[in-house]
Amino acid sequence: MPMLQAGAQAPDFTLPNQNGELVSLSDLRGKRVLIYFYPKAMTPGCTTQACGLRDVQGELAAHNLVVLGISTDSPARLKKFELRDGLNFTLLADEDHAVADAFGVWGPKKFMGKEYDGLHRISFLLDEQGQITHVFNKFKTSDHHQVVLTHLAG
């Protein structure tokens, strides 16, 4: 499935969070949402990206923005990630990558000469009605949070 672009309506979904509670995108209507897909909890790049977002949570909240981090990890692994790094936003478990498929961010990847299917590191900014207003696909894990804040400051 092709990756969703700005102007598209984000598909609604319900996934378990790091506490095993179900979270639905539709429940967040009225707030802006940053959905960021990342390959694997507790790996170096994903930790750098998550901690950057953690550290600017107050600034993001000032923009009426809720952060949802989505990976194919289990809720138990996400809980370990949250506790280990003091994360202060919602992590969601997309274990069968159905949501990643719906957003078009699951597909062929290359690492050290090997090809495999996996989750691409891409973020989607949604408006209060769930429409995608921006896609972030060119950033480093270390500056993802700043790229988002710069865009919000607009």
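1. D73 counts as buried because its relative accessibility is 4%; buried means under 20% relative accessible area, exposed over 50% and partly exposed in between (1.4 Å probe, protein chains only). This is a predicted model, in which local features need pLDDT of at least 70 and side-chain atom pairs count only at pLDDT 80 or more, while totals for chains, interfaces and linings use all residues. Residues are numbered from 1 along each chain as its sequence is written, and side-chain values use heavy atoms, with hydrogens and water left out.

2. Have a look at the loop between β4 and α3 (75-85), where D73 is found. Helices (H or I, at least four residues) and strands (E, at least two) are DSSP runs, numbered from the N terminus. The D73 side chain reaches the backbone nitrogen of A41 at 2.7 Å. Leaving aside neighbours within four places in sequence, D73 is in contact (heavy atoms within 4.5 Å) with Y38, K40, A41, L78, A93, D94 and E95.

3. Now to helix α5 (residues 144-153), where H144, H145, V148, L149 and L152 are buried. These residues lie on the same side of α5, because they cover an arc of only 130 degrees around the axis; the arc is that of the directions from the helix axis to the C-beta atoms. The buried residues of α5 pack against β3 (32-37), α1 (44-55), α2 (57-62), β4 (65-71), β8 (123-126) and β9 (132-136). After α5 comes G154, with a positive phi near 35 degrees.

4. Finally, Y116 sits in strand β7 (residues 114-119). Y116 counts as partly exposed, because its relative accessibility is 37%.

Note on methods:
A polar contact is a pair of N or O atoms within 3.5 Å; within protein, one must be able to donate a hydrogen and the other to accept it, and residues adjacent in sequence count only if both atoms are side-chain atoms.
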